[in-house]
Amino acid sequence: DFEVPKKEQFSRLLTFGGFFKGQLFGEVHMVDEWSVIKRGIAGKNEVVPPPQRRTDKPPPTSYNDIWRQADEVCGEIPLARCMHTATLVAGRHLVVVGGWHAEFVNDVYVLDVQTMVWEQKHCLMPLDDEGNRVPVAGRAGHSANLLPNRQLLVFGGQNKEGQLRDVLLLDLNRMEWSRPA
């Protein structure tokens with residue numbers, strides 16, 4: 001028999017941005033002590049609910065909202081966006097790539113989750129076959145996967161031109177884009 005754990009603790013759970021009821025969001029929400037499973041009023045196991053927007057009122061029988069907006073965030077705060085990627089690196093840096101906020105973007109921001117300071121990274125663009133730097137296409141709905149050598153593999157997505165099928169690597173030590181051969 002599978003037994004549901006009563007409580008699993010993580011130091012912090014973060015979300016950034018998103019789209020809800022026609023509005024883009026650009027704030028960081030967090031759960032300081034996150035319990036994966038909670039006991040409901042009727043004794044049923046329930047997953048922690050997603051963040052509630054300030055315009056929403058939870059039903060009277062629901063839990064109190066355990067998410068809070070991280071007001072201590074400062075630095076070069078990214079514009080509100082959705083369909084971006086957010087990848088945690090070394091347990092300390094949340095790397096946000098691309099997304100959409102009235103246009104498709106190719107920017108890179110890093111949030112230090114210990115100091116809660118954002119920094120925009122001005123990454124070197126990849127080289128083309130002739131040795132010229134070529135901008136990375138703005139994108140949303142892509143995937144980003146952290147590789148063991150501190151490289152972020154970014155695949156696909158979409159922009160105003162349509163579906164993207166390219167593969168990019170972002171070297172997080174040098175903050176330089178490349179296209180794998």
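## Cysteines

A disulfide is a pair of cysteine sulfur atoms within 2.5 Å. By this rule, the predicted model contains zero disulfides. Cys 82 is buried (under 20% relative accessible area, where exposed is over 50% and partly exposed lies in between, with a 1.4 Å probe and protein chains only), at a relative accessible area of 8%. Cys 123 is also buried, at 13%.

## Basis of the model

This is a predicted model, in which local features need pLDDT of at least 70, side-chain atom pairs count only at pLDDT 80 or more, and totals for chains, interfaces and linings use all residues. Residues are numbered from 1 along each chain as its sequence is written, and side-chain values use heavy atoms, with hydrogens and water left out.

## The open sheet

Strands are DSSP runs of E with at least two residues, numbered from the N terminus, and two of them pair if DSSP finds at least two bridges between them. An open sheet with antiparallel pairing is built from three strands in the order S1-S2-S5. Strand S1 (13-20) and strand S5 (68-69) stand at the edges with a single partner strand each, so one side of each has no neighbour in the sheet.

Strand S2 (residues 23-31) runs antiparallel to S5 and is joined to S5 by two bridges. Met 30 has Arg 68 in S5 as its bridge partner.

Val 95 lies in strand S8 (residues 93-100) and is buried, with a relative accessible area of 3%. Contact means heavy atoms within 4.5 Å. Not counting residues up to four places away in sequence, Val 95 touches Thr 85, Ala 86, Thr 87, Val 89, Val 108, Tyr 109, Val 110, Leu 152 and Leu 172. Val 95 and Gln 120 are 25 residues apart in sequence, and their C-alpha atoms are 9.8 Å apart in space.

Note on methods
Helices (H or I, at least four residues) and strands (E, at least two) are DSSP runs, numbered from the N terminus.
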